[in-house]
Every structure is written in C-alpha cells, then in structure tokens.
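User: I have a model open and want to talk through its contacts. Can you take me through it?

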Amino acid sequence: MSDLHTVNKSPFEKNSLETCLRLSKADSAILLYEDGVYGALKGTAVENMIASAVGDKKVYVLGPDYKARGLAEDRMIDGVEVVDYAGFVDLVEANDKVQAWV
Amino acid sequence: MSDTKNFMFLNRRAPYGTIYAWESLEVVLIAAAFEQNVSLMFADDGVFELTKGQDTAEIGMKNFSPTYRTLGDYEVRHMYVDKASLEARGLTADDLVQVEWEDWETEESVDNIVEVVDSERVAELLAESDVVFSF
C-alpha cells in the first residue's frame, strides 16, 4: 500500500506542492484541493512540475474546489483525475495513511 | 466636504482558500460608498479573483465573484491586472470578468474597466496612489 498526499495551497504562493512532489514516493497518490487545485491548470509557470509527476504518481483534483474557482475541465493537465467528496474518502481508505502538506 | 484621496486596493490572494479576497471586496465597497477615488489592482494569485464562471454550489461558500461586475455602479473607475501574473497562470484577459462603467449624468460609458497592464505601469500606479491597501 502507498500513501495519499494532500496539497491545499496555491503552487504560485507556497512551495507545498513542489516539496510534496519531491519528497513523496513514486507510487503515491497526490490530491490537490482548495487553493491546491490551481496546480492542475495547463499553460502555467508550474505546469511542467505536475505534468512530469503524472507519469509515476497518481494526481487527483477535488472537483468542487476546481469548479468553485471558475476553472474549466478542458484546461486541466492531461492525466490528472477529478474526484468528488466521496472519491476523496475512497482515496483515504485505499491508502495506508494521509500526509498533508499544509 | 472632506478631501478625496486615491485609494488603491492591491489584491494578491486567490478567492475562497483564505478570507482576504472577500474582505478586500467588503472594504472596497465601503470606501466607494464614502466617495473616495477607488482603484483595484490584481497581482499574483489575486488575478484568480476575476476568473469567469466561478461556481461554488458544491463547496458551501458564497460565490462573491458576481460582485466585481457591479463595481462600476459604485463609481469604481479602474481595475488593473498585472500582465506577468496573468501569464504565469496560463490566463488571458478573455478568462476574466468584464466590468462596465457608466456615468449616469453625462452618459459617458466604458464597456470594460478591467485593464491588463505591464509591470512598469503597475509600479507607476502604486506609486501614484495616496494610500495602498494590501490584501
């Protein structure tokens, strides 16, 4: 089993996402929620960071938080998967533990 | 009659994740009600405050983004967006709400007071303001 890592801070304001990606194992699940969802946008200054992580880690975005911020699903980085609140719970259950990068 | 000052509200935070964006909007409305010259500047994650199509139905928070579109009615004449911040986030002016302004007496009007400006202009505008409020 692996761990679920959660990131709720904007990658443009804090380095939580960058450090999370650097210090998590290859089979980890990463869930972006609250201001963390900005990390999933295409065409940004941090796009490469996520796009290269998608290869060996599973990256998820909490849909309600993404939608709240007016971001369109077709502008999400390829390979990132959207989950709802129930999906968040499923991820918590499917992993050994949850590590929050606040 | 009291003196009128040029108030600049510098918004650098994304909406919803923290209370900064909403609080700024509240103070903007108060300042405008006291007939000060109010301008808004959006830089860093603040540019996300203006994205079109925000839908907060599923997160249980008030969607305050439609309020920006009413600022013209409160005599807010200028809303500036830092170009570099916008570009770093993969956004263009088309992704942002438009805000109309109309002078009811003279019928002078502007279709959209939201203006994307370069860093040099941002610096000028901040320097020219009497007071800069940071959020």
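User: Which side chain does A:Arg75 meet in a salt bridge?
Analyst: This is a predicted model. In it, the side chain of A:Arg75 forms a salt bridge with that of B:Asp95, at 2.6 Å from N to O. A:Arg75 sits in the loop between helix 3 and strand 4 of chain A, and B:Asp95 in the loop between helix 3 (83–88) and strand 4 (101–102) of chain B, so the pair joins two chains.

User: Is B:Asp95 buried or exposed?
Analyst: B:Asp95 counts as buried, because its relative accessibility is 16% and the cut-off is under 20%. A:Arg75 is at 26%, so A:Arg75 counts as partly exposed.

User: How many salt bridges are there between chain A and chain B?
Analyst: The count is 4. Among them is B:Arg13 with A:Glu13, at 3.5 Å from N to O. Polar contacts between chain A and chain B come to 10 residue pairs, both residues at pLDDT 80 or more.

User: Which element of chain A gives the most to the side that touches chain B?
Analyst: Helix 3 (residues 63–68) of chain A does, with 4 residues. By class, that side of chain A has 7 nonpolar, 4 polar and 7 charged residues.

User: And what area do chain A and chain B bury between them?
Analyst: About 1600 Å², with 49% of it on carbon and sulfur atoms. A:Lys67, A:Ala68 and A:Arg75 supply 29% of the area that chain A buries against chain B, more than any other three residues. The contact takes 18 residues from chain A and 23 residues from chain B.

User: Switching to salt bridges inside a chain. What does A:Asp35 pair with?
Analyst: A:Arg69, at 3.1 Å from N to O. The pair links distant parts of the chain, 34 residues apart. A:Asp35 is in the loop between strand 2 (29–32) and helix 2 (47–53) of chain A, and A:Arg69 in the loop between helix 3 and strand 4 (81–83) of chain A.

User: Are those two buried or exposed?
Analyst: A:Asp35 counts as buried at 8% relative accessibility. A:Arg69 also counts as buried, at 1%.

User: Which residues are in the network with them?
Analyst: A:Asp65 is linked with A:Asp35 and A:Arg69 in a network of salt bridges.

User: What about chain B? Where does B:Arg89 pair?
Analyst: With B:Asp45, at 2.7 Å from N to O. B:Arg89 lies in the loop between helix 3 and strand 4 of chain B, and B:Asp45 in the loop between strand 2 (37–42) and helix 2 (65–68), so the pair ties together parts 44 residues apart in sequence. B:Arg89 is buried, with a relative accessible area of 4%. B:Asp45 is buried too, at 2%.

User: How many salt bridges over all chains?
Analyst: The count comes to 14.

User: New topic. What is the order of elements in chain A?
Analyst: From the N terminus, β-α-β-α-β-α-β-α-β. That is 4 helices and 5 strands. Among contacts in chain A between residues at least 6 apart in sequence, 74% join residues at least 24 apart.

User: Last one. Where is B:Val131?
Analyst: In strand 7 (residues 131–134) of chain B. B:Val131 is partly exposed, with a relative accessible area of 25%. Leaving out residues up to four places away in sequence, B:Val131 touches B:Lys5, B:Asn6, B:Phe7 and B:Met8.

Key:
Residues numbered from 1 in each chain as written. Chains lettered and ligands numbered in written order. Predicted model: local features only at pLDDT ≥ 70, side-chain atom pairs only at ≥ 80, totals over all residues. Heavy atoms only, no water. Contact = heavy atoms within 4.5 Å. Buried area = accessible area lost by both parts, 1.4 Å probe. Polar contact = N/O pair within 3.5 Å; in protein donor to acceptor, adjacent residues only side chain to side chain. Nonpolar A, V, L, I, M, F, W, Y, C, P; charged D, E, K, R; others polar. Buried < 20%, exposed > 50% of the residue type's maximum accessible area, 1.4 Å probe, protein only.
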